[in-house]
Amino acid sequence: CPHILINNHLNNSTTVKNIKSLYSQKKRYNAELSEIQIKIDDINKQLSTISFDDTSNLRSGYVSQLSEYNNKKNELVTSITKIEELVTSITKIIDEISKTANDSEVPIENAKYRIRGFFDYESFIIKSGLTYLTNHIN
């Protein structure tokens, strides 16, 4: 049976398209946020494993460890800055979705479909074993 959208005018408006676009943008930002959080966790683990023990009694070992520490710290700061930017962007998108939905001239509804054709619901109910519904058929 073909399905025909009966409230296409409500679900195909520019407002709904804008909200869908903003929502997909928000989902992309959330995915990116998760990736960066994983990277931050990894950097934190790496930072906690850097040892500043100079077993060779040479200053060069200490200097290389300090350099590695500073590099990881800079990566961490960059990642945290990126998270702050993403959170700000997500907040703006959520505000814009809310404003767009509230200012919409046409109400935003779920899609409604009408099924065209014949459907033998009585035999479907009997075959499905939903006999308790047979009292409500007629």
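## A walk through the model

From the N terminus on, the elements of this protein run β-α-α-α-β-α, which makes 4 helices and 2 strands. Helices (H or I, at least four residues) and strands (E, at least two) are DSSP runs, numbered from the N terminus. You are looking at a predicted model: local features need pLDDT of at least 70, side-chain atom pairs count only at pLDDT 80 or more, and totals for chains, interfaces and linings use all residues. Residues are numbered from 1 along each chain as its sequence is written, and side-chain values use heavy atoms, with hydrogens and water left out.

**Stop 1: the core.** Select Leu 33, Ile 36, Ile 40, Ile 43, Leu 47, Ile 50, Leu 76, Ile 83, Leu 86 and Ile 90. These 10 residues form the largest nonpolar core. Such a core is a set of buried Ala, Val, Leu, Ile, Met, Phe, Trp, Tyr and Cys residues joined through side-chain atoms within 4.5 Å. Buried means under 20% relative accessible area, exposed over 50%, and partly exposed in between (1.4 Å probe, protein chains only). Helices α2 (14-49) and α3 (59-103) each supply at least two residues of this core, and α2 gives the most, with 5 residues. In soluble globular proteins, nonpolar side chains tend to be buried together.

**Stop 2: Ile 50.** Now pick Ile 50 from that core. Apart from neighbours within four places in sequence, Ile 50 is in contact (heavy atoms within 4.5 Å) with Gln 65, Glu 68 and Tyr 69.

**Stop 3: Lys 26.** Go to helix α2 and select Lys 26. What does Lys 26 touch, not counting residues up to four places away in sequence? The residues are Ile 90, Ile 93 and Ile 94. Lys 26 is buried yet has no salt bridge; a salt bridge is a side-chain nitrogen of Lys or Arg within 4 Å of a carboxyl oxygen of Asp or Glu. The nearest side chain of opposite charge, Asp 95, is 11 Å away. Here Lys and Arg count as positive and Asp and Glu as negative, while His and the chain ends are not counted.

**Stop 4: the salt bridges.** The structure holds 2 salt bridges. Show Lys 82 and Glu 32 for one of them, at 3.4 Å, N to O. This pair links distant parts of the chain, since Lys 82 is in helix α3 and Glu 32 in helix α2, 50 residues apart. Lys 82 counts as partly exposed because its relative accessibility is 32%.

Next, select Lys 72 and Glu 75, whose side chains meet in a salt bridge at 3.7 Å, N to O. Both lie in helix α3, 3 residues apart, about one turn of the helix. Lys 72 is buried, at 16% relative accessible area, whereas Glu 75 is partly exposed, at 32%.
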